[in-house]
Amino acid sequence: MELKIKNVCCIGAGFVGGPTMAVMSKFCKEIIFNVVDINQKRIDAWNNEDLDKLPVYEPGLKEIVSKTRNENLFFSTNVKESIKNADMIFISVNTPTKKSGLGAGKASDLKWVENCAREVALYAIGHTIVVEKSTLPVKTAETIKRILHYETTANKNFDNKKTFAILSNPEFLSEGTAINDLENPDRILIGGEDEDAMNELEKIYLNWVKKEKIIRTNLWSSELSKLIANAFLAQRISSINSVSALCEVTGADVNDISLAIGFDKRIGKLFLNSGPGFGGSCFKKDILNLVYICDHYGLHTVSRYWNEVLRINVWQQKRISSIIVEKLFGTISDKKITILGLAFKANTNDTRESPAIKICEDLIEEGAILKIYDPKVKESQIKKLLPEKNQVNWSYYSSVLEAAYDSHAIVVLTEWGDFKDLNWTEIKKIMKNPSWVFDTRNIIDVQKAKSSGLQTWVLGQST
Ligand SMILES: NC(=O)c1ccc[n+]([C@@H]2O[C@H](COP(=O)([O-])OP(=O)(O)OC[C@H]3O[C@@H](n4cnc5c(N)ncnc54)[C@H](O)[C@@H]3O)[C@@H](O)[C@H]2O)c1
């Protein structure tokens, strides 16, 4: 199969851009992949000789980077040169929720995407396929098209032979399993109008993905599908979390419920674990964006429906903080509480929108002194997350035992494998009396914790 694409540029070396291009470079040896970013520190980290210092932690990532980096995968801040040389450009920049102005708190802030489009218009040469990899509101391709068209026709210094095709190719990877998801995707979605451009992108994926897994749609279906996929996933989490509260008061066990309903093929077994709520950079922002779009089109009942998914998520976190205070005799002021896990889920160092952070903030607000341990989240990262004035109220430890020493309670907030098999007898000995363990992830061996003398509370169970 003759490939036309020889040189790919990815703008944005983040959680998506880095791993996605790494996997593409593994399977497409004949293509050069240039991943560029304006953040010099991030690029330096991607180029670090020590592969444990890559800016993104994902199982399997460093093994790929060790083989393809500086072979056909390059990381740099040279945006201009990389755009110039590219036949295909992926836009994989951040699209956070707007903080001010029209749509503040709901709409996506597209200023980074717009900047990319302007840079592409400025530096691209000849025909370039521009691929939306970022998650974007439906109809963003229209904006990108307009910018590219306006910039290339209005600027007299430009070579008028520049042409562009726009595609939407949202990324469905899940942090923590990103490499496996990228190597074995459930599906690849390509939205567009230009058949040739769609064929070129499809050819790249065909190097490792079966043709029947590649779905082609128009641009708007592709853009909207990504928002809807995230909304459905988040909705499942909010649904099972609402049930966890009901289980605690009725004597039912949320794990039994998940098992029983998951056997129904129409429901399915995945994504039925209750916990402290969803986090990560995507679910909240994408639902807020969906809510904004629905309101924009006057679909207020639909927007209220999706907004409830977010409300349950906040409610679950507040509910957990309140239970901890209540169990510790109604006050946690000056009490030491061990926090196990800050990442929003296991196998990632990402703490964006982590429910653990929200719960920590609540506990600090109540006067607790937090002793934090996470296998992958660094102290420097936590300093940016927990408010400055509160830094005296938390400290960081490099092992579970150090973090548990002299504590009144342990709260398990991330489902790291290391926390599943803790030595509760040893832990109990170094904690205060009486001491508690709160398991918000349903992962600890409750019987062992109980028999070591700890008092236990497990989410979704009436312990
Ligand atoms: N994180 C996920 O799990 C995930 C999954 C699927 C889709 N997405 C979507 O993918 C997009 C990227 O997410 P992410 O998590 O990788 O974000 P990120 O913040 O980790 O990375 C984005 C990078 O883009 C860079 N950038 C911004 N403007 C730039 C410019 N003009 N030129 C060069 N670099 C620029 C930033 O410096 C940053 O390093 C978002 O739209 C997100 O919603 C994320």
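Visitor: Which domains both give residues to the shell around the ligand?
Guide: This is a predicted model, in which local features need pLDDT of at least 70 and side-chain atom pairs count only at pLDDT 80 or more, while totals for chains, interfaces and linings use all residues. Residues are numbered from 1 along each chain as its sequence is written. The domain bounds come from an automatic or database domain assignment. The shell around the ligand lies between two domains because both give residues to it, namely domain 1 (7–217) and domain 2 (220–463).

Visitor: Which helix supplies the largest share of the shell around the ligand?
Guide: There are 28 residues around the ligand, and G12, G14, F15, V16 and S134 come nearest, where a residue is near if its C-beta atom, placed from the backbone, lies within 6 Å of the molecule. Helices (H or I, at least four residues) and strands (E, at least two) are DSSP runs, numbered from the N terminus. The largest share of the shell, three residues, comes from helix α5 (residues 111–123).

Visitor: How many residues of the shell around the ligand belong to each class?
Guide: Ala, Val, Leu, Ile, Met, Phe, Trp, Tyr, Cys and Pro count as nonpolar, Asp, Glu, Lys and Arg as charged, and the others, Gly among them, as polar. By that division, the shell around the ligand has 12 nonpolar, 12 polar and four charged residues.

Visitor: Which element gives the most to the side of domain 1 that touches domain 2?
Guide: The centres of domain 1 and domain 2, taken over C-alpha atoms, are separated by 32 Å. Their contact takes 27 residues from domain 1 and 25 residues from domain 2, with two residues in contact if their C-beta atoms, placed from the backbone, lie within 7 Å. On the side of domain 1, α6 and β7 each supply at least two residues. The element that gives the most, with three residues, is β7.

Visitor: How far apart are the axes of α9 and α11?
Guide: Two packed helices are described by the angle between their axes and the distance between the axes. Helix α9 (residues 219–250) and helix α11 (residues 283–296) pack at an angle of about 115°, and the distance between their axes is 9 Å.

Visitor: Which residues of α6 make the contact with α5?
Guide: The axes of α5 and helix α6 (residues 140–154) come within 9 Å and cross at roughly 35°. From α5, the contact takes V113, E114, A117, R118, V120, A121 and L122, and these meet, from α6, T140, I144, I147, L148, E151 and T152.

How values were computed:
Axes are lines fitted to C-alpha atoms, for helices over the stretch in contact, and angles run from 0 to 180 degrees between N-to-C directions.
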